[in-house]
Amino acid sequence: MPTFTIAVIPGDGVGIEVVAEGRRVLEALARRERGLRFRFATFGWGSAYYKKHGRMMPADGLDTLRKFDAIYLGAVGDPKVPDHVTLHGLLFPIRQSFDQYVNVRPAVLYAGVPTPLANKAPGSIDMLVIRENTEGEYADVGGRLIRGTEAEVAIQANVFTRHGTERIIRFAFEQARARRKHLTSVTKSNALAHSMVFWDDVFREVARDYPDVQTSSMLVDAAGMSFVRRPETFDVVVASNLFGDILTDLSAAVVGGMGLAPAANLNPTRKFPSMFEPVHGSAPDIAGKGIVNPIAAILTAGMMLDFLGAKRAAAQIRRAVAAVLAEGKVRTPDLGGRSKTKEVTAAVLENL
Ligand code: GGG
């Protein structure tokens, strides 16, 4: 195995804390797994950088990142910086410039984790949400006219290309084929008669190449209800950028919360580095208190190892996290415990 070069962007708030914990786990694995080596380079980009320099990352930031095997990111967001500035200044340029067109967000109900839903057995919820990640509603096309006047106009255009839509749906079918062979496409084609009817058309076309995969199509409002009422009926779900973003907060909530939700922004062609970040944001309310749940970031590090081909090490992370959760002794306040962030990581390390 080569030495993997990892660009680390802790970002803001709890991002800084959780990325440090994920890195502890990666370093522990490198000590015990023959041939597994990392070279980390940390970049202090984010809201603090913005306050000093007026931008979230340097002008040549993308050129710097391009040379790495992967990017490991914590979170972005700061109460003193508008949220659209943080997202459009760092997260979205990386996803779009490196064509990380797939956002993979698994949601698994682990043994020992309290779910807000009644009568759900461990493992009964196991879904994989595939979110389109480079276009759709987040394409950043639009503008505001005659600002601040009575006649002000704001336009936000959605961009759905055949290339972009087909490739994300195809990726989702491949995932479904490797899992329980069921794929749900989520749209809102009763109301959005152009973009979403187009998505439905492409979904049906691509489905012809996957006769072994059972399909369903749902409106996003119905899907939201079903994520709560019958989450066990979902296997793989594919959705646009906005719908995937919203639905994955919901899927995280039903399996124990954002503290357990990992994510990967993938460029499956590997032409550019992929980026791995927990679903959660910077959580300024608990930042710096040492109580953030590091498990989402640790599982995210596992997704990074999986994508880099270090499958055995990735499986060790999943097993160790599952063991800590099942034991239930060491858990942060979001899961009803009193443990500190570092104690959770220590427990994961003990179980590796
Ligand atoms: N962990 C990365 C982060 O800070 N996420 C916050 C967020 O709002 N993300 C929006 C998105 O994933 O599109």
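A residue is taken to be near a molecule or strand if one of its heavy atoms lies within 4 Å of it. With that criterion stated, I turn to the ligand site of this predicted model. In such a predicted model, local features need pLDDT of at least 70 and side-chain atom pairs count only at pLDDT 80 or more, while totals for chains, interfaces and linings use all residues. Residues are numbered from 1 along each chain as its sequence is written, and side-chain values use heavy atoms, with hydrogens and water left out.

Let us begin with the ligand. It is surrounded by 17 residues, and the closest are Val-76, Arg-131, Glu-277, Pro-278 and His-280. By residue class, the shell around the ligand comprises 9 nonpolar, 3 polar and 5 charged residues. Here Ala, Val, Leu, Ile, Met, Phe, Trp, Tyr, Cys and Pro count as nonpolar, Asp, Glu, Lys and Arg as charged, and the others, Gly among them, as polar.

Which atoms of the protein approach the ligand through N or O? For Gly-74, a backbone N or O atom lies 3.0 Å from a nitrogen atom of the ligand. For Val-76, a backbone N or O atom is 2.8 Å from an oxygen atom of the ligand. Arg-95 contributes through its side chain, with a polar atom 2.8 Å from an oxygen atom of the ligand. Of the 360 Å² of accessible area that the ligand has on its own, the protein covers 87%. These areas come from the Shrake-Rupley method with a 1.4 Å probe; for residues, only the protein chains shown count as cover.

Which elements give two or more residues to this shell? They are strand 3 (70-75) and helix 4 (83-97). Helix 4 gives the most, with 4 residues. Helices (H or I, at least four residues) and strands (E, at least two) are DSSP runs, numbered from the N terminus. At the level of domains, the shell takes at least three residues from each of domain 1 (1-100 + 264-352) and domain 2 (126-254); the bounds come from an automatic or database domain assignment.

Buried means under 20% relative accessible area, exposed over 50%, and partly exposed in between (1.4 Å probe, protein chains only). Gly-74 and Val-279 are 205 residues apart along the chain, and their C-alpha atoms are separated by 9.2 Å.

I now move to the core. A nonpolar core is a set of buried Ala, Val, Leu, Ile, Met, Phe, Trp, Tyr and Cys residues joined through side-chain atoms within 4.5 Å. The largest one has 86 residues, and Ile-6 and Ile-130 have the most contacts inside it. Helix 9 (residues 295-308) gives the most to this core, with 10 residues. Both domain 1 (1-100 + 264-352) and domain 2 (126-254) supply at least three residues each to this core. In soluble globular proteins, nonpolar side chains tend to be buried together.

Several individual residues follow. Lys-181 lies in the loop between helix 5 (162-178) and strand 8. Its phi is positive, at about 65°, although Lys-181 is not a glycine. Is Lys-181 buried or partly exposed? At 35% relative accessibility, Lys-181 counts as partly exposed.

His-182 lies in strand 8 (residues 182-187) and is buried, with a relative accessible area of 14%. The side chains of His-182 and Ser-216 are joined by a polar contact of 2.9 Å. A polar contact is a pair of N or O atoms within 3.5 Å; within protein, one must be able to donate a hydrogen and the other to accept it, and residues adjacent in sequence count only if both atoms are side-chain atoms.

Ala-283 also has a positive phi, of about 40°, although it is not a glycine. Ala-283 lies in the loop between strand 12 (274-276) and helix 9, and is partly exposed, with a relative accessible area of 25%.

Asp-99 is found in the loop between helix 4 and strand 4 (102-108). Asp-99 is partly exposed, with a relative accessible area of 27%. Between Asp-99 and Lys-271 there are 172 residues in sequence and 8.6 Å in space, C-alpha to C-alpha.

Finally, Gly-244 in helix 8 (residues 241-254) is buried, with a relative accessible area of 0%. Ile-169, placed in helix 5, likewise counts as buried, at 0% relative accessibility.
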